[in-house]
Amino acid sequence: MGFKPIPAAIAVGLALLIWFVIPVPEGVSPQAWHLLAMFVGVIAAIIGKAMPIGAISIIAIMLVALTGVTSEKPADAMKDALSSFSSPLIWLIGIAIMISRGILKTGLGARIGYYFIAMWGKRTLGIGYSLALSELILAPVTPSNTARGGGIIHPVMKAIASSYDSDPEKGTQGRIGKYLALVNYHSNPITSAMFITATAPNPLVVDIIAKATNSDIHLSWGTWALAMLLPGLAAMLLMPLVLYFVYPPEIKATPNAAQFAREKLAEQGPMNRGEIIMLAIFVVLLLLWAGIPALILGDAWKVDATTTAFIGLSLLLLSGVLTWDDILKEKSAWDTITWFAALVMMATFLNKLGLISWFSGLLENGIGHLGLGWMGASALLLLAYMYAHYMFASTTAHITAMLGAFYVAGISLGAPPMLFALMMAAASSIMMTLTHYATGTSPVIFGSGYTTLAEWWKAGFIMSVVNLLVFVVIGGIWWKILGYW
């Protein structure tokens, strides 16, 4: 059997309930309501892990084409169902995941981690900051936050912990491992908020906000990075300190860690050809994404963000750092392109068919009657959106299901569109702090056994509050200075 019977039955049951039992509300077309039924079924199947998300997405594309909710002509319905495969944002993330394979393959990611620990690893707090800084440097070109936090940084963190005999199986995780595991994890949501290319769902946020504002607000890579720079750095500066206070490590001084890191670097030897090329391409990507050539030489040198990603991948293939076999084996990239296309397509047509504006109207009326003013109303929407993540095991499912309606309701209630867009964008990553199933990185690090469930959830809630306050207060002031609201 290719699916889990109980989650699949719940997903199908919800879809059939909305389609056949619940009457179509006034102001909503039957097509929009039927698409909502399928959308709810798809989101429920993703949450319940009825099938892999890519397989669910293929079924979603088939259902949209077959039912003709977007067009009465079968050929046009199929075109609509496949329409998002041409989205540059989807290919930006897919190609960037392929590029990040080079960081892993060449060993450049581990080298960066050990390099910082060799510099600042004489105290446990210094190791924490080294892990956080390594995560930050890798973030712009590693859209799989799971690969970054779980695949690159986590093995480095475990190696350091085990060098101090801090091992969950021996009951010695409190020595240093618990603290480092939490820093390893909580770096991940903050860096994910700082760049469009730092986690796969961020372009979904860009797309939803652009559609909600009729492209009045289309966050570019550079705009997003500049906006999130100051609050992101402030959050990264605070996070290791907060966790040090909440779960202080038993070992505070770690003079051997720096030596251990130097030994690991010695084992790696000098940078090889692959690492040097990867580092050079890394720099080229950052310069082009940030728009530096266009800034210095004029608009003729402007390069689209997705074109930049294709340039990076082409250079890796031409240089032989990556082979086409490497690209074919990068399953997460092809998987992301597939499910991304399906979810963006469904969200796009829910918007086109008027369902998002109808639902945001309900939210607007409900909150509007409370008489909170735009600040209170947008704060309530932001909190409800973020903490609803306790019910989601997928940031993508959460963003697709809720962001559009909550964002439209906020700006309808008077929130400055750019300010609220950036707040919701930040919350879409900050919400990853909350649980051990919040994003792909969490089960990897939690599964290593350094913390109990209660410890993980307590740290997650505390960090969600700290991060949110940083982005609201420091972010709000920074965005005012930048003239964004």
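Okay, a definition to start: helices here are DSSP runs (H or I, at least four residues), numbered from the N terminus. What we have is a predicted model, so local features need pLDDT of at least 70, side-chain atom pairs count only at pLDDT 80 or more, and totals for chains, interfaces and linings use all residues. Residues are numbered from 1 along each chain as its sequence is written, and side-chain values use heavy atoms, with hydrogens and water left out.

Let's go to the largest pocket. A pocket, on a 1 Å grid over the protein atoms alone, is an open set of points where a 1.4 Å probe fits, with protein on both sides within 12 Å along at least five of seven lines; lining residues have an atom within 4 Å of a point. The largest one holds about 620 Å³ of space. Its lining has 26 residues, and closest to the centre sit Ile53, Thr146, Trp339, Thr439 and Gly440.

So which helices each supply at least two lining residues? Those are α8 (145–163), α17 (331–352) and α20 (395–412). The largest share, four residues, comes from α17.

Now domains, with bounds from an automatic or database assignment. We get domain 1 (1–82) and domain 2 (88–201 + 216–329), and each gives at least three residues to that lining. Their C-alpha centres are 37 Å apart.

Notes
Grid points are joined across faces, edges and corners, and a volume is the space filled by probe spheres set on the points.
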